[in-house]
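Me: I'd like to go through this model with you and ask what lies behind the words we use for it. Shall we take it piece by piece?

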2 protein chains.
Amino acid sequence: MDLRAVRSPAMTDVAKLAGVSHQTVSRVLNDHPNVREQTRLRVRAAIAELGYRPNRAARALVTGRSQLIGIVAQNSTLYGPASLLAAFEQAAAEAGFAVSVGSVGRMDRESIAGAVERHLDQRVAGLVVIAPVASADDALDDMPDDVPLVTIDGDPARSRALVTVDQAAGARQATELLLAAGHRTVWHVSGPPDWYDAAGRADGWRSALEAAGAEVPPVVAGEWSASSGYAAGRMLARMPEVTAVFTANDHQALGLLRALSEHGRRVPDDVSVIGFDDVPEAEFFIPPLTTVRQAFDAVAQAGLELLLAQISDEAPLAEQIVIAPTLVARSSVGPPPHRV
Amino acid sequence: MDLRAVRSPAMTDVAKLAGVSHQTVSRVLNDHPNVREQTRLRVRAAIAELGYRPNRAARALVTGRSQLIGIVAQNSTLYGPASLLAAFEQAAAEAGFAVSVGSVGRMDRESIAGAVERHLDQRVAGLVVIAPVASADDALDDMPDDVPLVTIDGDPARSRALVTVDQAAGARQATELLLAAGHRTVWHVSGPPDWYDAAGRADGWRSALEAAGAEVPPVVAGEWSASSGYAAGRMLARMPEVTAVFTANDHQALGLLRALSEHGRRVPDDVSVIGFDDVPEAEFFIPPLTTVRQAFDAVAQAGLELLLAQISDEAPLAEQIVIAPTLVARSSVGPPPHRV
DNA sequence: GGATGCATTGTTAGCGATAACAAGCGCCGC
DNA sequence: GCGGCGCTTGTTATCGCTAACAATGCATCC
């Protein structure tokens, strides 16, 4: 009969086969100096022969820390968060870490604390908190300070290590592009006001208008959804003075485009539109959407580097990294119609 | 000075405070019978007072299994996989399990095996493999059989426990709706042929046509992307006999809609279109897209139940669950134009 | 009243790794 | 030639928990 399930080999089995003590095996595994090359090779061979793989639980027990990185994120299928999560997971895997995801329904203190606790139970080596919402700030205050922590899109004042995307810069670029095309001013459909991303985009938009001496129209408040873009669009479409709109994300832009189309306002002939995110489909909107791309993999990469530095160094370095977004020009932008 | 970081309390601390042995604490934690109610309360109180939380690593070490579920999925931001992942994570968290994600670049034997190994290192309590691609089949063959395993969208012949969505049924419904609207036949833009989902949708489409005695036009091969839908659309738009198209997903439909619009073919007046997935934005396509919704949370729920059953029972039950999708009717479908 | 049984609690022995310390050995300098 | 130092290896203790077994107390039964 097949005895494969008897027990997976432990360190002592390797030691016995290699004719050394288990401690020497441990040293080989952890790349300690002061192991004779010949011994090292013998141990390596034994490891290979037995197909030995160290027991992470045992290691975690004695060191008090696992090879696991915990991510706390809002449970959402929004393009931004989902991409970020995927990118992070990818980067962590390459660094030899597993990733445990703890998603929360809402970004409030209690939910986040719960997710963090669950991760601490697992003795994670480090924590990544994706906290794009103001309501997450309180939670950041009572983070444990004895575990490496990186915040993504959080409050700079409350985070030691932080990675953000310069939302305002992206919004400024978008707004400036529209102004440069000849539009007198640019309207803005915002995201939820408690999201930093949304606030940053609105700020960038406003500052670009002010810098250009353009009138600042009232913000049209929206959510991230296509639905809210549609609602905003139904209103804006009836206002002939609106010739350029910058939406806080691409989904809103999609809804806006439909509303404009229903009201017979052509894009970009009558109205120019710019979105934010560069979702993969944006190129196939009607018309193809000019938008702002965030480099999520760069964010993830930077975040992981910050985290790994903390994990290895112990030094609680307080770096903050800002990633610049890039404008992707497509055909949804044009000059304003002749008669404004 | 603050001594919070001294050491988090262990079971013996709780035991001392409650005046019992650490084993009794363990019994209380694991809901063993045969603990006097009074003792139980005393222990609970001590746990609360110390803010004690059990060390999972220690438990995993002695039991050989952690409270961690490993998920192997393709690293993608496609709507389907991303939603599934999110839903799964949600369901697992509710059941008190943490979720470790191991994503792979490609769904081949080697990549999957690697991800599985990484999970086994963590001594996961169970594994979920999202294997919607034929190339993943080989990998399923050399899965360890001593760890609970559930396959999502995989090969029924090779999986013990499997959850799938009845893609064919969804495709049939879509096709039948178009036929019922009066179209002579329905064209199909397919997904990548090695994906089970894509194959199932194509099968359902074909069988519905055959059952109705309609002519079966050649499949237009696509990928999941909007881009491929656009390419297909540029071709189909020039063919006046095409009055109804069923695409393998919503993104393709988006690309198709744009191609049709560019060629001056109106939807649904000239051409009716149905997609698959019901992405949140589908309602805001131009026009709103009729599509087929997969209940990802139901899939995740079912998958988790299968997994938990295996984890607790030890009984390697070989159940397979099929989830039925539902048609979501919107305005992209109408009768064919008068002159066909 | 003492054997029997059950409910309850305590004791001991690991799980598989790392850390701290000890020991063996060759080489150096005086 | 001998003490001491550094490289290499082994021994022992320990992390925090669960499993198996032992021990206790009390009610029950004949």
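Reply: Gladly! In chain A, strand 7 (residues 244–247) and strand 8 run parallel and are joined by three bridges. One bridge partner pair is Ala244(A) with Ser272(A) in strand 8 of chain A. Please keep in mind that this is a predicted model.

Me: What makes strand 7 and strand 8 of chain A a pair?

Reply: Two strands pair if there are at least two bridges between them. Strand 7 and strand 8 of chain A have three bridges, so they count as paired.

Me: Why is the sheet in chain A called open, and which strands stand at its edges?

Reply: The sheet has three strands in the order 6-7-8, with parallel pairing. Strand 6 (187–189) and strand 8 (272–274) of chain A each have a single partner strand, so one side of each is left without a neighbour in the sheet. From one strand to the next the twist averages 20 degrees.

Me: What packs on this sheet in chain A, and in what direction?

Reply: Helix 9 (residues 196–211) of chain A does, touching strand 6 and strand 7. Its direction makes about 180 degrees with that of strand 6 of chain A.

Me: How do you know that the two chains are related as by a two-fold axis?

Reply: Chain B can be laid on chain A with an RMSD of 0.3 Å by a turn of 180 degrees and a shift of 0.2 Å along the axis. The two copies are thus related as by a two-fold rotation axis. In chain B, the C-alpha nearest the axis belongs to Ser100(B), at 2.2 Å.

Me: How are helix 10 and helix 11 of chain A placed relative to each other?

Reply: The axes of helix 10 (residues 226–236) and helix 11 (residues 250–262) of chain A come within 6 Å and cross at roughly 35 degrees. The crossing is right-handed. Among the residues in contact are Gly229(A), Ala232(A) and Gly233(A) of helix 10 and Gly255(A), Leu256(A) and Ala259(A) of helix 11. By class, the contact has six nonpolar, six polar and three charged residues.

Me: Why is the bond between Val267(A) and Pro268(A) worth a remark?

Reply: Most peptide bonds are trans. The one joining Val267(A) and Pro268(A) is cis, with omega about 5 degrees, and Pro268(A) sits in the loop between helix 11 and strand 8 of chain A. In chain B, a cis peptide bond joins Val267(B) and Pro268(B), with omega about 10 degrees.

Me: What about the phi of Arg123(A)?

Reply: Most residues other than glycine have a negative phi. Phi of Arg123(A) is near 55 degrees, a positive value. Arg123(A) lies in the loop between helix 6 (109–121) and strand 3 (126–130) of chain A.

Terms used: Residues numbered from 1 in each chain as written. Chains lettered and ligands numbered in written order. Predicted model: local features only at pLDDT ≥ 70, side-chain atom pairs only at ≥ 80, totals over all residues. Heavy atoms only, no water. Axes fitted to C-alpha atoms, helices over the stretch in contact; angles between N-to-C directions. Helix = DSSP H or I, 4+ residues; strand = E, 2+ residues; numbered from the N terminus. Left-handed = near helix turned anticlockwise from the far one by under 90°. Contact = heavy atoms within 4.5 Å. Nonpolar A, V, L, I, M, F, W, Y, C, P; charged D, E, K, R; others polar. Least-squares fit on C-alpha atoms with pLDDT ≥ 70 in both.
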